Amino acid sequence: MTEQLSADDWISQGIKALTKSGFTALKADPLAKAMGVSRGSFYWHFADLGAFHAAILKRWREIAAEEIIAGVEADSDEPLKALLRRTFGARLDLERAVRNWAAFDPAAQAAVRAIDRRRLDYIEALLERRGLSAAAAQARAQVLYWTFLGFALSAAPVPAARLQGLLDEIQKMVSG
């Protein structure tokens, strides 16, 4: 790479490395080699590895919640259906990588807790908008979220036709 790299370039490369190889790949030297630059470029943008990790986790929170929520809200479809389609239909390698990282790192644990809370709050709000009481929305949101986590962490591929049938059943269970 001959052009000057930005912090976003490093974060994007870090997200790719995390997704492909796990959190142990989030080091300046191997990332610099992969990008064809010196590690001085890394330290130009980040004070240390901890600052880089914080930036990676911040970007994950944007990808894993805020971008999905914005897309659901912009979708003309019914929001719960759009959320199910977007989350269960997404590639979840990054989700698994961050959750694995969280098993070893307090900062990643905090990021996972924050994203779990953000997602649950959003699902509860969607269900309340559909007319469920706060207590019912909270319970169903938790069940739906546990379902998503089991699906995300299983990494078992599901054919598209079967996935759509499962999503229809999930929506019935949560809405019913």
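Reply: Let's start with the largest pocket, which has a volume of about 240 Å³. This is a predicted model, where local features need pLDDT of at least 70 and side-chain atom pairs count only at pLDDT 80 or more, while totals for chains, interfaces and linings use all residues. Residues are numbered from 1 along each chain as its sequence is written, and side-chain values use heavy atoms, with hydrogens and water left out.

Me: What counts as a pocket or a cavity, and what is a volume?

Reply: Rolling a probe the size of a water molecule over the atoms shows where empty space is left. On a 1 Å grid over the protein atoms alone, a cavity is a set of points where a 1.4 Å probe fits but cannot get out, and a pocket is an open set with protein on both sides within 12 Å along at least five of seven lines. Lining residues have an atom within 4 Å of a point. Grid points are joined across faces, edges and corners, and a volume is the space filled by probe spheres set on the points.

Me: Which residues lie nearest the centre of the largest pocket?

Reply: Ala90, Arg91, Leu92, Phe151 and Ala156 do, out of 15 lining residues. Two elements give two or more residues to that lining: helix H6 (93–102) and helix H8 (134–154). The largest share, three residues, comes from H8. Helices here are DSSP runs (H or I, at least four residues; strands are E, at least two), numbered from the N terminus.

Me: How is the lining of the largest pocket divided by class?

Reply: You'll find 10 nonpolar, two polar and three charged residues there. Ala, Val, Leu, Ile, Met, Phe, Trp, Tyr, Cys and Pro count as nonpolar, Asp, Glu, Lys and Arg as charged, and the others, Gly among them, as polar.

Me: And what lines the second largest pocket?

Reply: That one has a volume of about 190 Å³. Its lining has 13 residues, with Ile63, Ala64, Ile68, Ala90 and Arg91 nearest the centre. Helix H4 (49–74), helix H5 (79–88) and H6 each give two or more residues, and H4 has the largest share, with four. By class, the lining splits into eight nonpolar, one polar and four charged residues.

Me: Let's turn to the rings. How many aromatic pairs are there?

Reply: Nine. Rings of Phe, Tyr and Trp (its six-membered ring) pair if their centres lie within 6.5 Å; planes under 30 degrees apart count as stacked, over 60 as edge-to-face and the rest as tilted. Take Phe42 and Phe46: their centres are 5.4 Å apart and their planes sit at 40 degrees, so the pair is tilted. Phe42 and Phe52 are edge-to-face, with 5.0 Å between centres and 70 degrees between planes. Phe42 lies in helix H3 (residues 39–45) and Phe52 in helix H4, so this pair ties together parts that are 10 residues apart in sequence. One aromatic cluster is made of Trp10, Phe42, Tyr43, Phe46 and Phe52.

Me: Is Phe42 buried or exposed?

Reply: Buried, with a relative accessible area of 0%. The cut-offs are under 20% for buried, over 50% for exposed and in between for partly exposed (1.4 Å probe, protein chains only). Phe46 is buried too, at 6%.

Me: Which residues touch the most other members of the largest nonpolar core?

Reply: In soluble globular proteins, nonpolar side chains tend to be buried together. A nonpolar core is a set of buried Ala, Val, Leu, Ile, Met, Phe, Trp, Tyr and Cys residues joined through side-chain atoms within 4.5 Å. Here the largest has 30 residues, and Trp10, Leu18, Phe52, Ile56 and Trp60 touch the most other members. H4 gives the most to this core, with seven residues. Apart from it lies another core, of 27 residues, including Ala82, Leu84, Leu120 and Leu144.
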